[in-house]
Amino acid sequence: MEQRISFFNKGQNAMKVLFGFGSYLRRSDLDQQLLHLIEYRVSQINGCAFCLDMHSKDLRAGGETEQRIYMLDAWREAPFYTQRERAALAWAEAVTKLTDKNVPDDVYQLANSQFTEQELVDLTFAVLAINCFNRINIAFQTPAGDYHPGQFATQTA
């Protein structure tokens with residue numbers, strides 16, 4: 001697959017907005033490993049190779065186990081995710097898929113039982129941001145494989 005446009009080069013002004021999400025989220029109360037887990041799961045749903053490469057490497061650099069990364073697509077059946085992680089994963093999937101144009105009440109209740117209102121707002125912004133990045137990378141066919149852990153951590157708005 002050949003990259004169509006390098007939006008990191010051609011879209012710097014627009015990218016500042018998206019990198020601003022990351023800057024904000026790094027200062028939030030949400031655990032950064034949880035954010036990477038969410039970013040990886042949403043990228044699985046959307047099929048974004050660049051983001052899967054990126055977030056799997058960031059997860060490993062943060063100490064995540066191979067088993068938890070490999071099993072993420074089956075998190076409901078796998079026994080090694082916490083209740084908080086399960087609530088975040090359910091929320092991220094529902095916000096990403098918007099099945100029947102809806103985030104079900106039971107998913108909201110579960111997320112609301114594990115996160116403060118501010119954390120739930122921040123978690124939602126994390127889901128929005130990774131969905132944006134997925135769509136940009138897929139549209140412009142950003143090649144996967146060359147990412148280094150923390151490569152974009154210093155990007156700010």
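This is a guided tour of the structure above, one selection at a time.

Before you start, note that this is a predicted model, in which local features need pLDDT of at least 70 and side-chain atom pairs count only at pLDDT 80 or more, while totals for chains, interfaces and linings use all residues. Residues are numbered from 1 along each chain as its sequence is written, and side-chain values use heavy atoms, with hydrogens and water left out.

**Stop 1: the nonpolar core**

Select Met15, Ile38, Leu72, Trp91, Phe115, Leu123 and Phe133. These are the residues with the most contacts inside the largest nonpolar core, which has 42 residues. A nonpolar core here is a set of buried Ala, Val, Leu, Ile, Met, Phe, Trp, Tyr and Cys residues joined through side-chain atoms within 4.5 Å. Buried means under 20% relative accessible area, exposed means over 50%, and partly exposed is in between (1.4 Å probe, protein chains only).

Now color the helices that give two or more residues to this core: α2 (12-26), α3 (32-46), α4 (49-61), α6 (83-97), α7 (105-114) and α8 (117-139). The largest share, 8 residues, comes from α6. Helices are DSSP runs (H or I, at least four residues), as are strands (E, at least two), and both are numbered from the N terminus.

Leaving aside neighbours within four places in sequence, Leu123 is in contact with Leu30, Ile38, Ala88, Trp91 and Phe115. Contact means heavy atoms within 4.5 Å.

**Stop 2: helix α3**

Next, show α3 by itself.

Of the 15 residues of α3, 11 are buried, so the helix is largely enclosed by the rest of the structure. The buried set includes Gln33, His36, Glu39 and Arg41 as well as Leu34, Leu35 and Leu37. The buried residues pack against α2, α4, α5 (66-70), α6 and α8.

Zoom in on Arg41 in this helix. At 6% relative accessibility, Arg41 counts as buried. Apart from neighbours within four places in sequence, Arg41 is in contact with Leu72, Asp73, Trp75, Leu89 and Glu93.

Then move to Glu64, in the loop between α4 and α5. Glu64 is buried too, at 8% relative accessibility. Beyond neighbours within four places in sequence, its contacts are Gln33, Leu37, Leu59 and Ile69.

**Stop 3: where α4 meets α8**

Select α4 and α8 together. They pack at an angle of about 130°, with their axes 8 Å apart. Axes are lines fitted to C-alpha atoms, for helices over the stretch in contact, and angles run from 0 to 180 degrees between N-to-C directions. The two helices are therefore oblique to each other. In this scheme, angles under 35 degrees count as roughly parallel, over 145 as roughly antiparallel, 65 to 115 as roughly perpendicular and the rest as oblique.

Show side chains at the meeting point: Phe50, Cys51 and His55 from α4, with Ile130, Phe133, Asn134 and Asn137 from α8. These contact residues divide into 4 nonpolar, 3 polar and no charged. For that count, Ala, Val, Leu, Ile, Met, Phe, Trp, Tyr, Cys and Pro are nonpolar, Asp, Glu, Lys and Arg are charged, and the others, Gly among them, are polar.

**Stop 4**

Turn to α6, which is mostly covered, with 12 of its 15 residues buried. Among them are Glu85, Arg86, Trp91 and Glu93. The buried residues of α6 pack against α3, α5, α7 and α8.

Follow the chain on to Leu98, in the loop between α6 and α7. Leu98 is not a glycine, yet its phi is positive, near 45°. Most residues other than glycine have a negative phi. Leu98 is partly exposed, with a relative accessible area of 44%.

Lys101 sits in the loop between α6 and α7. Its phi is also positive, about 55°. At 80% relative accessibility, Lys101 counts as exposed.

**Last stop: Asn112**

Finish in helix α7 with Asn112, which is partly exposed at 29% relative accessibility. The C-alpha atoms of Asn112 and Ile38 are separated by 16 Å, and the two residues are 74 apart along the chain.
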